Amino acid sequence: MPQVQINFLAILVAAISNMVLGFLWYSPILFGKKWLLAIGKTADQLKSEKKGMGKTYLLTFIGALVMAYVLAHIIGYTDASTISGGIQAGFWMWLGFVATTSLGGLLFEKRPSALFYITSGYYLVALIIMGAILA
């Protein structure tokens, strides 16, 4: 397996971009209201669950770091050295792994299709942005 040069600063920036996107994506500015409806909760219920959110955000950030680290390897293995190449790598990772596994949740768990579109759409945009940063 070829050695891949890893830019840890780019990984950190990509993970931070993922968190910023999530903040916007799931806020009332973009899809927050539709997401709450899809998960069957109200804004008041969400506010009452804020206790312990520090741990949730920390674990989510660690997940974003891992996702960026793995995507950096994929970008290195495919020699995607342009923004376009990074975007393509992010798209194909989303299509091959996120969209397909999310589809199982939609079909077998009888989740609302809106939840599938909101969540998988978030990961599509996140992986494209991360790919552009990492390439």
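Biologist: What applies to the values in general?

Modeller: The model is predicted, so local features need pLDDT of at least 70 and side-chain atom pairs pLDDT 80 or more, while totals for chains, interfaces and linings use all residues. Residues are numbered from 1 along each chain as its sequence is written, and side-chain values use heavy atoms, leaving out hydrogens and water.

Biologist: How many residues does helix α1 have, and what does it reach from its first C-alpha to its last?

Modeller: Helices are DSSP runs (H or I, at least four residues), numbered from the N terminus. The expected span is 1.5 Å times one less than the number of residues. Helix α1, residues 8-25, has 18 residues and reaches 25 Å, close to the 26 Å expected.

Biologist: Which residues in α1 are buried?

Modeller: Buried means under 20% relative accessible area, exposed over 50%, and partly exposed in between (1.4 Å probe, protein chains only). In α1 the buried residues are A10, I11, A14, A15, S17, N18, L21, G22 and W25. Seen down the axis, they fall within an arc of 155° (directions from the helix axis to the C-beta atoms), so they line one face of the helix. The face turned away from that side carries exposed F8, L9 and F23.

Biologist: How many aromatic pairs are there?

Modeller: Rings of Phe, Tyr and Trp (its six-membered ring) pair if their centres lie within 6.5 Å; planes under 30 degrees apart are stacked, over 60 edge-to-face, the rest tilted. The count is 9 aromatic pairs. One of them, F116 and Y117, is edge-to-face, at 5.4 Å centre to centre and 70° between the planes. F116 is buried at 17%, whereas Y117 is exposed at 56%.

Technical notes
Helices (H or I, at least four residues) and strands (E, at least two) are DSSP runs, numbered from the N terminus.
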